[in-house]
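Please walk me through this structure, helix by helix.

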Amino acid sequence: MDQDLDWWVRIALDGWQRRTGPRYRRIAAALADAVERGLVGAGDRLPAERPLADALGVSRGTTVRGYDELAQAGWVERRQGAGTFVRPRPAWTHTPTENPTSALLHRRLAGAGDMIDISLSVPPGTDHLPPIHEPLRMSDLAGHGLDPAGLPDLRAALARHLTDHLGLPTTADQLIVTSGAQHALSLLSLAVISPGRPVITGCPTYPGLAGAIAGRQGRLVTVPVDPLGVETQALERAAAQAHAPVIYVDPAAHSPTGAVLCGSRRHTLLQSARRHRALVVEDLTQAGLQLDLEPGQAAPAPLAADDASVVTVGSLSKMFWAGLRIGWLRAPEPLHRYLLRLRSANDLAPSVPSQLLATRLLHAADAAWQQSLRQALRARRDLLLTHLTQQLPAWQTQSPQAGLSMWVTLPVADSETFTHLATRYGVIVASGATSCVDGRHSSGLRLSFAESPKTLESAVDRLSVAWEEHSRRLASSPG
């Protein structure tokens, strides 16, 4: 191998085998990344196809197809008799390398017209909201509106909701209103996570968790999740090897699988936390959305009802509307006082109109309305499961017990590639990589069933056609 080709293989294409997808696409992605990082510049000539194929141990057809893919994407130009050259790119087109979450965001932003988006596990609109008999008036906007803990009326309404509907006795003074659960997690990270402090979580996990702790340089430690929730024996082993870890858990409805943590595991988790001096952060964002409860049957109480040291976060985005941007924190003293200072230092106070609307919605959402919401979601879950089983039998589905999303496992290792193809067929879905922090769930998909039945049926029809195309491409791939 000559010196120039050796550089291409060892430096520019280093690690191409570890990428996902067919071999030609792995090579193309590695070359594009080399251009993006500045290892290869505009006008540089790429190695000839046959020598590169020999050096990489692949067929010439594989390198030819990889170069064709780069040419179609505008990265290179192929000159007859001269070779393949990197095309110059205007400075404004240079963007940071995307991760699966940012790629999903770009697909959402690009979606228009007849696009169906089942990547967001939130209500698709406001038609399901309970009727409000007290309209908002300008006279309701009294005073300066800067209460860092949140409006007293909203905190009182949240406290009643937690106490009466979720089984967590709460007073208004225990709560801090935030701009959604993500904001609550970010504030909590500022307060309790120091560089290197381990944060134990099930994987797959809530997609926003990594972002919430990234600024504090916390260290994510993952344990498996099964249909009964996070595996507490694995959690015990992880906690035993850490010093004063943080344990993040969503026992009422695991995101994204919809598993509900069983009673014995709840007890074991709290025992492990006490034994290893761990801080438990309980996410109740999807609490109250248990789908298989019979009328009058109570869901398991939150962990915080059994241990006053547990910190809870939550949001109204799943039950009402994500556009409200209303979340909350519930923490014991003196952490509560510290969080309140952080909250006021970061953005002074939450939006008053949103708080007033949230207060009215909480008053209107009685037990009968909440039961009807669960019934509607259960019917949509069952509908999606039925259509997936009938039209996509190769996909492994898992029926969620709670929440708004379903976890699906594809019979291929690269769901990210399929999600891009699905977008071309008019449906946006979230790849497993958006919910995975340990690299073990690249074959997963997260599907929301919050949309209307007709929309869900259309989404599965489009996914089925996209999967047929994806399967044909895999079967015909030379790499």
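Helices α6 and α12 cross in a left-handed way. This is a predicted model. The two axes come within 9 Å and cross at roughly 35 degrees. Helix α12 spans residues 352–364. On the α6 side, the contact is made by Asp 153, Leu 154, Ala 157, Leu 158, Arg 160 and His 161. On the α12 side, they meet Gln 355, Ala 358, Thr 359, Leu 362 and His 363.

Look at His 161 within this pair. Helix α6, where His 161 sits, covers residues 152–165. His 161 counts as buried because its relative accessibility is 11%, under the 20% limit. Setting aside residues up to four places away in sequence, His 161 touches Leu 166, Met 319, Leu 362 and Gln 370. Leu 362 is also one of the α12 residues that meet α6.

Helix α3 (residues 49–56) and helix α4 (residues 60–72) have axes that come within 8 Å. They cross at roughly 115 degrees. This crossing is right-handed. Helix α3 contributes Glu 49, Arg 50, Leu 52 and Ala 53 to the contact. Helix α4 contributes Arg 60, Thr 63, Val 64 and Tyr 67.

Now take α11 on its own. Helix α11 runs over residues 335–347, which is 13 residues. From first C-alpha to last, α11 reaches 19 Å, close to the 18 Å expected at 1.5 Å a residue. Which residues of α11 are buried? They are Leu 335, His 336, Leu 339, Leu 342 and Arg 343. These residues lie on the same side of α11, because they cover an arc of only 120 degrees around the axis. An α-helix has 3.6 residues a turn, so residues three or four places apart point the same way. Turned away from the buried side is a face that carries the exposed residues Arg 341 and Ala 345. What covers the buried residues? The cover includes the strands β4 (175–178), β10 (311–315) and β11 (327–330). Helix α7 (181–192) is also part of that cover.

Follow the chain out of α11. Leu 348 comes after the helix and is found in the loop between α11 and α12. Leu 348 has a positive phi of about 65 degrees although it is not a glycine. Leu 348 counts as exposed because its relative accessible area is 52%, and the cut-off is over 50%.

Arg 277 also has a positive phi, near 55 degrees, in a residue other than glycine. Arg 277 lies in the loop between α10 and β9 (279–283). Its relative accessible area is 70%, so Arg 277 is exposed.

The backbone also has cis peptide bonds. One runs from Ser 255 to Pro 256, with omega near 15 degrees. Pro 256 sits in the loop between β8 (246–249) and α10 (263–275). Another cis bond runs from Cys 203 to Pro 204, with omega near 10 degrees. Pro 204 is in the loop between β5 (198–203) and α8 (209–214).

How far is its sulfur from the closest cysteine sulfur? The distance is 3.8 Å, to Cys 436, which is too far for a bond. A disulfide needs the sulfur atoms within 2.5 Å. By this rule, the count of disulfides comes to zero. Cys 203 counts as buried because its relative accessibility is 1%. Cys 436 is buried too, with a relative accessible area of 14%.

Ser 464 lies in helix α15, which covers residues 453–476. Ser 464 counts as buried, at 10% relative accessibility. Beyond its neighbours within four places in sequence, Ser 464 is in contact with Gln 391 and Leu 392.

Trp 7 is found in helix α1 (residues 3–12). Is Trp 7 buried, exposed or partly exposed? Trp 7 counts as partly exposed, because its relative accessibility is 31%. Leaving aside neighbours within four places in sequence, Trp 7 is in contact with Ala 12, Leu 39 and Val 40.

Key: Residues are numbered from 1 along each chain as its sequence is written. This is a predicted model: local features need pLDDT of at least 70, side-chain atom pairs count only at pLDDT 80 or more; totals for chains, interfaces and linings use all residues. Side-chain values use heavy atoms; hydrogens and water are left out. Helices (H or I, at least four residues) and strands (E, at least two) are DSSP runs, numbered from the N terminus. Buried means under 20% relative accessible area, exposed over 50%, partly exposed in between (1.4 Å probe, protein chains only). Contact means heavy atoms within 4.5 Å. The expected span of a helix is 1.5 Å times one less than its number of residues. The arc is that of the directions from the helix axis to the C-beta atoms. Axes are lines fitted to C-alpha atoms, for helices over the stretch in contact, and angles run from 0 to 180 degrees between N-to-C directions. A crossing is left-handed if the near helix is turned anticlockwise from the far one by less than a right angle, and right-handed if clockwise.
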